[in-house]
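Colleague: I have a chain to go through with you. Can you put it on screen and take my questions as they come?

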Amino acid sequence: MKVWKLVSGILSMVFFVLVAFQSCAAGVSNTLEENGEVSGSAGILVAVFMLAGGIVSVATRKSQGKGGNIALIILFGIAALIGFTNYGSFSDLAIWSGWCLINAVLAVVAIITGKKKNNTDDVTSEK
């Protein structure tokens, strides 16, 4: 899981730039069209949560505890929720929200497999 955290963290930080740029363009488009959508603003929030999740992912890749994974679930989960509920005419936001959802699910998997790994370590240390 260390490799996944490093790769997803770096990719999330790189995607931040792309999502922020697209969100600014979508926000300008929403303003000019006066269509009442908030997909540009939602995209900026998704981008910020994606950047924060990427930083946490890289920073906690070698940690043994569950705190880093819980933080990833919260950050990427909120980003996915905001993106999926507000994408409107900015349909790329659904793709970026999907990326965030994948990262949140993998953080859950890391917690579950980490728990199993710790249980097997306890059994082998007793012998």
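Modeller: Let's start with Leu93. Not counting residues up to four places away in sequence, Leu93 touches Ser39, Ala42, Gly43, Val46, Gly83, Asn86 and Tyr87, where contact means heavy atoms within 4.5 Å.

Colleague: Before I go on, what kind of model is this, and how are residues numbered?

Modeller: This is a predicted model, with residues numbered from 1 along each chain as its sequence is written. Local features need pLDDT of at least 70 and side-chain atom pairs count only at pLDDT 80 or more, while totals for chains, interfaces and linings use all residues; side-chain values use heavy atoms, with hydrogens and water left out.

Colleague: Fine. How many helices and strands are there?

Modeller: There are 4 helices and 0 strands, in the order α-α-α-α along the sequence. Helices (H or I, at least four residues) and strands (E, at least two) are DSSP runs, numbered from the N terminus.

Colleague: What box do the C-alpha atoms fill?

Modeller: Roughly 70 × 20 × 15 Å, taken along the principal axes. Of the contacts with a separation of 6 or more, 73% join residues 24 or more positions apart.

Colleague: And what percentage of the residues is buried?

Modeller: Buried residues are 35% of the 127 in the protein. Buried means under 20% relative accessible area, exposed means over 50%, and partly exposed is in between, with a 1.4 Å probe and protein chains only.

Colleague: Switching to loops. Is Glu34 buried or exposed?

Modeller: Glu34 is exposed, with a relative accessible area of 70%. Glu34 sits in the loop between α1 and α2, and its phi is near 50 degrees, a positive value in a residue other than glycine. Most residues other than glycine have a negative phi.

Colleague: And Thr60, buried or exposed?

Modeller: Thr60 counts as buried, at 17% relative accessibility. Thr60 is in the loop between α2 and α3 and touches Lys5 and Gly68, leaving out residues up to four places away in sequence.

Colleague: Lys5 again, then. What does Asn69 contact?

Modeller: Leaving aside neighbours within four places in sequence, Asn69 is in contact with Lys5, Ala107, Ala110 and Ile111. Asn69 is in helix α3 and is buried at 6% relative accessible area.

Colleague: Where is Leu51, and what does Leu51 contact?

Modeller: Leu51 is in helix α2. With neighbours within four places in sequence set aside, Leu51 is in contact with Met13 and Phe16, and it is partly exposed, at 25%.

Colleague: How far is Ala25 from Phe90 in space?

Modeller: The two are 9.5 Å apart, C-alpha to C-alpha, and 65 residues apart in sequence. Ala25 is in helix α1.

Colleague: What about Ile102 and Gly114?

Modeller: Ile102 and Gly114 are 12 residues apart in sequence and 18 Å apart in space, again C-alpha to C-alpha. Ile102 is in helix α4 and is partly exposed at 47% relative accessibility.
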